[in-house]
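Welcome! Here is a short briefing to read with the model in view. Take a moment to look it over before going on.

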Amino acid sequence: MPEIDLSEFCDLPDTSQLDIVDGMMAEHQRIITEADDLERLCLALLDDKSSFKLDDWLYKVRFIRTYADAAHHRKEEDILYAYLLENVGGPAESLVRHGMLVDHDRGRFCVRNMEQAALQLDKSGDDSDRLELIAWAMEYVHMIRAHVEREDKVVYPFARRTVPADVMARLTDEAHGYVADPSSR
């Protein structure tokens, strides 16, 4: 599985002693912390045009793409969701394919547009570009908060009920090998 460089990001949870579900829930808390900070950036930009610093916004884009998507979402998609879709059937199909995977794609779309808006605002300084950046960032913030809540309260409990303990242990081992643990650096 691919190695992902997370060294740029601080305060990542140590999931090495957690099962796959608890590990992903811990990762959710770090993702939500970053989403809360993204909302603060939006509020600052709404209040004060001069608060815009392109590097701050591009850091958020990198965090979402690298940690939330390449590390966390891919682990869900390639390990837990793949098992559920292959072995559980109907309910997993609805929860995963028509819910969580749609959200993952929607998040990627928001981040692409947020990055483009940040780059455009850096060039123009226009209020319309500032509004565009805030809109895409807040769409992502709202989406990821709702997504995390659905996973933590619906999808992960469903996985705990339907995945046998021995399989959960195997999926946990796969998850631990998927991305180098940040505590090992």
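The bend at a residue is the angle between two axes, one fitted to the seven residues ending there and the other to the seven starting there. This is a predicted model, in which local features need pLDDT of at least 70, side-chain atom pairs count only at pLDDT 80 or more, and totals for chains, interfaces and linings use all residues. Residues are numbered from 1 along each chain as its sequence is written.

**Helix 4**
- Helix 4 bends by about 40° at Glu151.
- The 36 residues of helix 4 (residues 127-162) should span 52 Å at 1.5 Å a residue, and its end C-alpha atoms are 50 Å apart, which agrees; the expected span is 1.5 Å times one less than the number of residues.

**Overall fold**
- The protein has 5 helices and 0 strands, where helices (H or I, at least four residues) and strands (E, at least two) are DSSP runs numbered from the N terminus.
- Its pattern along the sequence is α-α-α-α-α.
- The C-alpha trace spans about 55 × 40 × 25 Å along its principal axes.

**Helices 1 and 2**
- Helix 1 (residues 20-47) packs against helix 2 (residues 54-87) at an angle of about 155°, and their axes are 11 Å apart; axes are lines fitted to C-alpha atoms over the stretch in contact, with angles running from 0 to 180 degrees between N-to-C directions.

Conventions. Side-chain values use heavy atoms; hydrogens and water are left out.
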